Amino acid sequence: MLEQVYIAEMGKYVGENVTLKGWVYNRRSSGNIRFLMLRDGTGIAQGVISKADVSEQTFELADRIPQESSAVVKGKIREDKRAPGGYEILVSELEPIQIAENYPITKKEHGTGFLMSHRHLWLRSKKQLAIMRIRNVIISACRKFFDSLGFLLVDAPILTPSAVEGTTTLFETDYFGETAYLSQSGQLYMEAAAMAFGKVYCFGPTFRAEKSKTRRHITEFWQIEPEIAFAELDDIMELAEKFVAYITEQVLVNRAEELKILERDTGPLENVIPPFPRISYDEAVDILNKEGSSFKWGDDFGSPEETLLSEKFNKPLLVHHYPAKCKPFYMKRDPQNPQLALAIDMLAPEGYGEIIGGSQREDDLETIKKRIEEHNLPQDAYEWYLDLRKYGSVPHSGFGLGLERTITWICKLPHIREAIPFPRLLEKCYP
RNA sequence: UCCGGCGUAGCUCAAUGGUAGAGCAUCUGGCUGUUAACCAGAGGGUUGUAGGUUCAAGCCCUACCGCCGGAGCCA
């Protein structure tokens, strides 16, 4: 019985001889006993090598095999309280696959610049694995949530002919002699899809060439964007609440171990239960001014304002009815007050800022034509978009959730760059 | 793009303007249950680059490059 067993499953094989395959994470020794920590992506196992049990070469190898060497280990599994994880393998054979060169990431601390330039290796460490496992649960939760509500997943194109906003923040690329742009949102296409299928969402990478150099920005990030025909602002506020609560719950239920590795205090996450506080932009401005901020009505919130606001509440915060002038052309104006847009943002707690942005969309043909003009956008690029208002236009609404910002908050990471396997940052595209 | 901080051993950091050090990693040896093991020893440096001030510069000045943080920007 010598087939490969994954470390996470070790406990099922107590007393049996098994084969583990993995990489040397660390090794320790004491006299005639050697301890080899082996990782395989599912966990870390302690291998015990006693001088009496193995050949001289194997014992010698166990003492010298460098960190991150790949190896096949055979031996008997047993339970032992002294082993991290409660189980260990009594090694009878140790077969190296490749002897690693000097591994640059050592057991002591490293600076961020160094780690980022070794991102391909940094991913092997415990915390990075924990983050990626949480990311995976969040992605599954997003899909499960919308699928279970009868939404249709519709993939938006990544190469697009036009900009949703201006053209300053787009990555440009040559498209057979024409200019194409990397998508910064699937939203306009989701509006078309919603008119076709009712309730839809897309889930894919989006790109922004902004020269933003903050802990909240990467140039390539993933968004989940639902769009719903006949839905109004209140409907998507409720949906956004349930959505974020579901994601949080899924992480708490399925990734308790990983949250512990990240030393994440789960108290604030357990509190993420609807209803969330909802305040209007006007009320938000009042709060800011009361806190001594010199923020003026009509401006959009920057990071300091978002942080200040979200720290006033112990749940995600919904802010609605923003001034129309700081929001994009497709948002519907409030019929009660045309100065305002029917827009919402959700700010994550603990100072993590905006994780959701959404709105009810403008559904009147003449109004949206006027908006396109006002924003100096090329009308011909939006002909197909205007068609949606010509053929059975209905009220509709949607929002986008930034995946990496959500991960950053749930894991309480110091910077968004750790929330994605290979972050693309301002002027940095390596590895 | 702007503001601030920092660039010293493979890594993380020390070093009044006066002989460049420590921990980890590496190498050698020791230790029969280690938990980022520990103990002893060894090797490892054109102090980011280019100028300048000074009897003397890792340290002071200028420029450039790089990294970090923040702002602006940002469905």
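**Entry 1: the chain as a whole**

What percentage of the 431 residues in chain A do buried residues make up? I found that buried residues account for 48% of them; buried here means under 20% relative accessible area, exposed means over 50%, and partly exposed lies in between, with a 1.4 Å probe and protein chains only. I note that the model is predicted, that local features need pLDDT of at least 70, that side-chain atom pairs count only at pLDDT 80 or more, and that totals for chains, interfaces and linings use all residues. Residues are numbered from 1 along each chain as its sequence is written, chains are lettered from A and ligands numbered from 1 in the order in which they are written, and side-chain values use heavy atoms, with hydrogens and water left out.

I looked up the secondary structure next and found 13 helices and 17 strands in chain A. Helices (H or I, at least four residues) and strands (E, at least two) are DSSP runs, numbered from the N terminus. Along the principal axes, the C-alpha atoms of chain A fill a box of roughly 85 × 55 × 40 Å. Of the contacts in chain A with a separation of 6 or more, 66% are between residues 24 or more positions apart; a contact means heavy atoms within 4.5 Å.

**Entry 2: helix α9**

I asked which residues of α9 (residues 281-290) are buried. They are Y281, A284, V285 and L288. Down the axis of α9, these buried residues fall within an arc of 100 degrees, so they line one face of the helix; the arc is that of the directions from the helix axis to the C-beta atoms. I recall that an α-helix has 3.6 residues a turn, so residues three or four places apart point the same way. The buried residues of α9 pack against β12 (278-280), α10 (303-310) and β13 (317-323). Just after α9, I noted that G292 has a positive phi of about 95 degrees.

**Entry 3: α4 and α13**

At what angle do the axes of α4 (residues 126-148) and α13 (residues 403-411) cross? I read roughly 125 degrees, with the axes coming within 10 Å. Axes are lines fitted to C-alpha atoms, for helices over the stretch in contact, and angles run from 0 to 180 degrees between N-to-C directions. The angle makes α4 oblique to α13: under 35 degrees counts as roughly parallel, over 145 as roughly antiparallel, 65 to 115 as roughly perpendicular and the rest as oblique. The crossing of α4 past α13 is right-handed; a crossing is left-handed if the near helix is turned anticlockwise from the far one by less than a right angle, and right-handed if clockwise.

From α4, the contact draws on I131, I134, R135, I138 and I139, and from α13 on L403, E404, I407, I410 and C411. By class, I recorded eight nonpolar, no polar and two charged residues in the contact of α4 with α13. Ala, Val, Leu, Ile, Met, Phe, Trp, Tyr, Cys and Pro count as nonpolar, Asp, Glu, Lys and Arg as charged, and the others, Gly among them, as polar.

I then followed I139 of α4. I139 is partly exposed, at a relative accessible area of 26%. Not counting residues up to four places away in sequence, I139 touches F203 and L403. I139 and F203 are 64 residues apart in sequence, and their C-alpha atoms are 9.2 Å apart.

**Entry 4: α5 and α12**

I found that the axes of α5 (residues 187-197) and α12 come within 10 Å and cross at roughly 35 degrees. This crossing of α5 past α12 is left-handed. Q187, L188, Y189, E191, A192 and M195 of α5 meet W384, Y385, L388 and R389 of α12. The contact of α5 with α12 has seven nonpolar residues, one polar and two charged.

**Entry 5: backbone exceptions**

Most residues other than glycine have a negative phi, and most peptide bonds are trans. I looked for departures.

- E68, not a glycine, has a positive phi of about 75 degrees; E68 sits in the loop between α1 (56-64) and β4 (70-79).
- Is E68 buried or exposed? E68 is buried, with a relative accessible area of 6%.
- N376 has a positive phi near 55 degrees and lies in the loop between α11 (365-374) and α12 (383-390); N376 is exposed, at 70% relative accessible area.
- The peptide bond from P274 to P275 is cis, with omega near 0 degrees; P275 is in the loop between α8 (267-270) and β12.
- Y430 and P431 are joined by a cis peptide bond, omega about 0 degrees, and P431 is in the segment after α13.
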